[in-house]
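Take a walk through this protein model, one region at a time. Keep the structure open beside the text as you read.

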Amino acid sequence: MAIGVCYFPEHWPSERWETDVRQMAEAGIEYVRMAEFSWGRIEPERGEFAFDWLDEAIDLIGEHGMEAVLCTPTATPPKWLVDEHPDVCQRDADGTRREGGSRRFTCFNSPTYREETERIVREMTERYADNPHVAGWQTDNEFGCHDTVNCYCEDCSAAFSDWLRDRFDSVDDLNEAWGTTFWSQQYDSFEAVEPPGPTPAEHHPSRLLAYDRFSNDSVAEYNRLHVDLLRDANDDWFVTHNFMGDFPLDSHRLADDLDFLGWDSYPTGFAQDRRPGEATPDELRAGDPDQVGLNHDVYRGAKREPFWVLEQQPGDVNWPPHAPQPGDGAMRLWAHHAVAHGADAVLYFRWRRCQEGQEQYHAGLRRQDGSPDRGYDDATAAAEELFELAPVDAPVALLHDYESLWATGHQPHSPDWHYWSHLRAYYDALRARGVQVDVVSPTESLDEYAAAVAPTLYLADEDLAAHLEEYVDAGGHLLLGARTGEKDQYNQLHDSLAPGPLADLAGLRVERHESVPEQIETRVAYDGAEYDFRTWAGWLSLDDAERSGTYRSGEADGSPAIGRRSAGDGTVTYCGCWPEAELADALATDLLDAAGVAYAQRFPQGVRAAERDGYTWVTNFTGDRVTLDVPSDAQFVVGGPTLDAFDVAVVDSEVSAVSGSKK
């Protein structure tokens, strides 16, 4: 396990570098990530390269026993390049050119920018191909940040037409697959299918989904350009990318090209700007452990490998609506929480608060004068406490489909529908019971999982149905959630009622559905008890499934809400509504019982436990004191049976034998 930091030597006088690097080593830092925004410093004029400063920084890092992680600097091209080639800039849907002067404003499909990318990446890789202090690389920086996955320029329009031509035999086939007779939207050529710009009403959902797929493929192709150059230079380097939290970029599309996935974790910011509702006081100090944990598990699950946190919040940050100071110990807590979910390295962003530019209000482990800030001691403590561990062994798969995320986002059918929040209704229930979860693509093999939860497989076809049937027949236990199986791969309703091709597997059909606002009562009876649900209700017609849940309110009163059936050696449960926490817990524990998966007593809100390699981490994201009950022969390797606010404990025990309560 390793602790690292992100460093920008180009922001500081060179005479300060030796002190900075020495202090990093003294703090237990092992990796130093650099150069992600340095193109203008590396190439101040076209063809004039200045690597001496980076050479010196890398050498200092190596001399102090650490390793450098370099980044391709293409998220921020220099001003002279943009002036020479303004065509590299993205355009908004209304045609407005995205100006230089910030970051992530260049087009993934620009032939010019791809040429420029190849040129600068080749220069950097050739320079450091034999440098023993460079451990690996990060490609670019936060693909899609600032809503930049989709571009609407002429290069993208031409590339989109070619992309469609590769996927359809003719434009008539496209018209048939999309259903363009609605509102006279038929196309007479692939060139006629333009990127979706401003229009008075909503765009055709099939066109929107296709453009999302195309745009994500464009990012994957651009990333592969970097990866191929890096591997050609030195195949011993690792190659990764820093993805973002609760983000629509399809990380599965990039995963095969990367050695492992990384992501950037900012818990107090995410609790404010990446989900509906207000953040609680505790979340403003430490974030939501399940929101952060879901992202850990997304990026671990994409390759079923340990991941890295390539940017860990080091203190207060500049970009969310509010920037309260994190609670005492929160930066240490976040590192342990990441490790419990399968991280092999946590790198804090950044080493020092910057004196210039847009991120002056973003904390570092040290202040701008070089003195330690609050995160420095936390990072040092984490570096001393972490130890080598085997990867996470998760018994449950959560099936997450980016295309269903995009499609339901285009047609939410309710202002309260939020794909990530619905996914988390089930995820939070599993995590509250201490169960490790791999978040995986629904098309991946599920053989190693005792149970699988599919909250919203909105787009479903016969291949997916056969894949899930095979899993259940072999003894898997599957829980399907609301809106599953509503649409086909082109975002049209199936000929049959939902869940479409999954109807035989589920043993039921959705007769009708409704989206329900807060002012309508929403109650459901499940296995002898009544529970609340929210937002969505599918009224079920049962074929081979047995009724296990019934609506107890509104127009659906008396209709089946949840059905369950045995199939082969496994079981399938279909929940037609969006469960609130108590119902989600009941569904989750019934699934775990059927699958023979051990679980813990339910932990309090904001307190979570996770087992890795025979050790259980208990992380307290609240301002309350927590008391743990562990087996008498268990030993604490970090902390003890009483956790203070924003504290962590690690005990050599199975998670199912650990419980906690607030005092």
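Two strands pair if DSSP finds at least two bridges between them. Keep that in mind for strand S12, residues 451-454, and strand S13, residues 477-480. The two pair in the parallel sense over four bridges. One of the residues involved is Ala451, and its bridge partner in S13 is His477. This is a predicted model, and every value below is computed from it.

Stay with S13 for a moment. Both of its faces are covered. His477 and Leu479 lie on one side, and both are buried.

Now go to the start of the chain. Strand S1 covers residues 2-6. Is it enclosed or open? Five of its five residues are buried, so S1 is largely enclosed by the rest of the structure. Ala2, Gly4 and Cys6 point one way from the strand. Ile3 and Val5 point the other way.

Four bridges join it to strand S9, residues 343-348, and the two run parallel. Within that pairing, Ile3 has Val346 of S9 as its bridge partner. S1 also pairs with strand S2, residues 31-34, in the parallel sense over three bridges. There, Cys6 has Arg33 of S2 as its bridge partner.

Next, look at a helix. Helix H13 spans residues 330-340. Eleven of its eleven residues are buried, so this helix is largely enclosed by the rest of the structure. Among them are Met331, Leu333, Trp334 and Val339. Arg332, His336 and His337 are on the buried list too. After H13 comes Gly342, whose phi is positive, near 115°.

How do helices meet each other? Start with helix H6, residues 154-167, and helix H8, residues 205-233. Their axes come within 10 Å and cross at roughly 105°. H6 and H8 are therefore roughly perpendicular to each other, since angles of 65 to 115 degrees count as such. On the H6 side, the contact uses Cys156, Ala159, Phe160, Trp163 and Arg167. On the H8 side, it uses Ala210, Tyr211, Arg213, Phe214 and Asp217. The residues of this contact divide into seven nonpolar, no polar and three charged.

Look at the spacing of those residue numbers. An α-helix has 3.6 residues a turn, so residues three or four places apart point the same way.

Helix H12, residues 289-301, packs against helix H16, residues 419-432, at an angle of about 95°. Their axes are 10 Å apart. That angle makes H12 roughly perpendicular to H16. H12 brings Asp290, Gln291, Gly293, Leu294 and Asp297 to the contact. H16 brings Trp420, Leu423, Arg424, Tyr427, Asp428 and Arg431. By class, this contact has four nonpolar, two polar and five charged residues.

Is Thr535 buried or exposed? Its relative accessible area is 4%, so Thr535 is buried, the cut-off being under 20%. Its side chain makes a polar contact with the side chain of Arg534, at 2.8 Å. Beyond its neighbours within four places in sequence, Thr535 is in contact with several residues, including Ser414, Trp417, Val516 and Trp578.

Ser553 tells a story about a loop. It is found in the loop between strand S17, residues 546-551, and strand S18, residues 560-567. With a relative accessible area of 7%, Ser553 is buried. Which residues does it touch, leaving aside its neighbours within four places in sequence? They are Glu521, Thr522 and Arg523. Glu521 is 32 residues away along the chain, yet the C-alpha atoms of Ser553 and Glu521 are separated by 6.2 Å. A polar atom of the Ser553 side chain lies 3.1 Å from the backbone oxygen of Glu521. The Ser553 side chain also reaches the backbone nitrogen of Arg523, at 2.8 Å.

Finish with a sheet. Four strands form an open sheet in the order S21-S22-S26-S24, and the pairing is antiparallel. Which strands are at the edges? They are S21, residues 607-612, and S24, residues 636-638, and each pairs on one side only. Neighbouring strands in this sheet are turned by 25° against each other on average, direction ignored. Six bridges join S21 to S22, residues 615-620. Arg608, for one, has Thr619 of S22 as its bridge partner.

Technical notes. Residues numbered from 1 in each chain as written. Predicted model: local features only at pLDDT ≥ 70, side-chain atom pairs only at ≥ 80, totals over all residues. Heavy atoms only, no water. Axes fitted to C-alpha atoms, helices over the stretch in contact; angles between N-to-C directions. Parallel < 35°, antiparallel > 145°, perpendicular 65-115°, else oblique. Contact = heavy atoms within 4.5 Å. Nonpolar A, V, L, I, M, F, W, Y, C, P; charged D, E, K, R; others polar. Buried < 20%, exposed > 50% of the residue type's maximum accessible area, 1.4 Å probe, protein only. Polar contact = N/O pair within 3.5 Å; in protein donor to acceptor, adjacent residues only side chain to side chain.
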